[in-house]
Amino acid sequence: GYLYALSADGTLSWKYRTGNKIYSSPAISGDGNIYFGSQDGSLYGLSHDGRCLFRIVIGDKMDSSPALGRDGKIYVGSNDGNLYGFSPGEGNGDEK
C-alpha cells in the first residue's frame, strides 16, 4: 500500500510504499513527523517530506491508528492483541 501526502491545492507532494495495505490513519507529531501502521506488520515513522525515519517490525498486521502520548511515545495496537509503545527512532531505518 501507499501513504500519500497532498499539498493544499490537492496535488501529490509525495507517496511512500509499504509492504502491504494501510488501514490506519496516520498520527502527526508537533514537529511534523508522521507515524502509521501497515498490514505488513510494521510501524513506520516518516519525516514531513516522506523520508523514512524508521520502520519497526512487530510481525502482525496493524489496523489501528497510532496515538502520540504526552510522554513522547508512539502507541499502537496490533492484531496480535498487544498494545506497543515506542520512542521515536527506536526502529532500524529500513526503507522497504
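Buried denotes a relative accessible area under 20%, exposed one over 50%, and partly exposed the range in between, for a 1.4 Å probe and protein chains only. The model is predicted, so local features need pLDDT of at least 70 and side-chain atom pairs pLDDT 80 or more, whereas totals for chains, interfaces and linings use all residues. Residues are numbered from 1 along each chain as its sequence is written, and side-chain values use heavy atoms, without hydrogens and water.

**Exercise 1.** Classify the ring pair of Y16 and Y44.

Solution. Step 1: rings of Phe, Tyr and Trp (its six-membered ring) pair if their centres lie within 6.5 Å; planes under 30 degrees apart are stacked, over 60 edge-to-face, the rest tilted. By this rule there are five aromatic pairs.
Step 2: the centres of Y16 and Y44 are 5.7 Å apart and the planes stand at 65°, so this pair is edge-to-face.
Step 3: Y16 belongs to strand β2 (residues 12–17) and Y44 to strand β5 (residues 42–46), 28 residues apart; strands are DSSP runs of E, at least two residues, numbered from the N terminus.

**Exercise 2.** Determine whether Y16, Y44 and F36 are buried or exposed.

Solution. Step 1: Y16 has a relative accessible area of 8% and is therefore buried.
Step 2: Y44, at 0%, is buried. F36 pairs with Y44 in a stacked arrangement, at 5.2 Å centre to centre and 15° between the planes.
Step 3: F36 is buried, because its relative accessible area is 0%. Ring pairs join Y16, F36 and Y44 into a cluster.

How values were computed
Helices (H or I, at least four residues) and strands (E, at least two) are DSSP runs, numbered from the N terminus.
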